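Reader: I have not looked at this one before. Can you walk me through it?
Author: Here it is.

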Amino acid sequence: MRQIALLLNEMRDSGLIRDYALFGALAQMRYTEAVATLDVDVLIEVEATGRLDLLQAIYSYCAQRGFQPEGEAIRVGVWPVQFVPTFDVITREAVETAEDADFDGVPFRVVRPDYLAVIALGVGRSKDHARILALLESGTVGCEEIASLALKYGLEAKWLAFSRRFLDE
């Protein structure tokens, strides 16, 4: 992970990306118990170019440093890393408000638990529901915080359905 943190900071410092934040299962592990995952998901903020090959510059940059593509990811050490450009207001704000963490002395940005929960709510798969429940159970985020963001981003109906299904007893 240290190598990934170094690469992401280098990409940001060089101007290739504006910012980044770890999200997905590895970000969740900052706030909850360990979960199984096969890759590293990173939200990246890049300049809108209007091009379909938005990640081409990322892939080229990584290849010049010896990191090769592997399916939809780039292999960095033992981890396949998926670079996901921010795709809506929620993901852009998740990067902007990400927490600063430290990995073996290297600064690293991680999406906050309330944003992890609301992103998962928007996607709505079974594993996303499990992520929300794990975050709530850990106490790192509360129902009020998720409800507030859900309302802000037009996901109130999804939050109410989730609450009825999983939280009402």
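**Helices and a hairpin**

Author: This is a predicted model. Leu7, Glu10, Met11 and Ser14 of helix H1 touch Ile58, Tyr61 and Cys62 of helix H3.

Reader: What classes of residue make up the contact of H1 with H3?
Author: Five nonpolar residues, one polar and one charged.

Reader: And at what angle do the axes of H1 and H3 cross?
Author: The axes of H1 (residues 2-14) and H3 (residues 56-64) cross at roughly 120° and come within 12 Å. H1 is therefore oblique to H3.

Reader: Is that crossing left-handed or right-handed?
Author: H1 passes H3 in a right-handed crossing.

Reader: Now the strands. How many bridges join E6 to E7?
Author: Five, and the two strands run antiparallel. Strand E6 covers residues 99-103. In one of the pairs, aspartate 100 has arginine 109 in E7 as its bridge partner.

Reader: What sits between the strands of that hairpin?
Author: Two residues. Aspartate 104 in the hairpin takes a positive phi near 50°.

Reader: Why is E7 largely enclosed?
Author: E7 spans residues 106-110, and four of its five residues are buried, so the rest of the structure largely encloses the strand.

Reader: What follows H5?
Author: Glycine 124, with a positive phi near 80°.

Note on methods: Residues numbered from 1 in each chain as written. Predicted model: local features only at pLDDT ≥ 70, side-chain atom pairs only at ≥ 80, totals over all residues. Heavy atoms only, no water. Buried < 20%, exposed > 50% of the residue type's maximum accessible area, 1.4 Å probe, protein only. Pairing = 2+ DSSP bridges. Axes fitted to C-alpha atoms, helices over the stretch in contact; angles between N-to-C directions. Parallel < 35°, antiparallel > 145°, perpendicular 65-115°, else oblique. Left-handed = near helix turned anticlockwise from the far one by under 90°. Contact = heavy atoms within 4.5 Å. Nonpolar A, V, L, I, M, F, W, Y, C, P; charged D, E, K, R; others polar.
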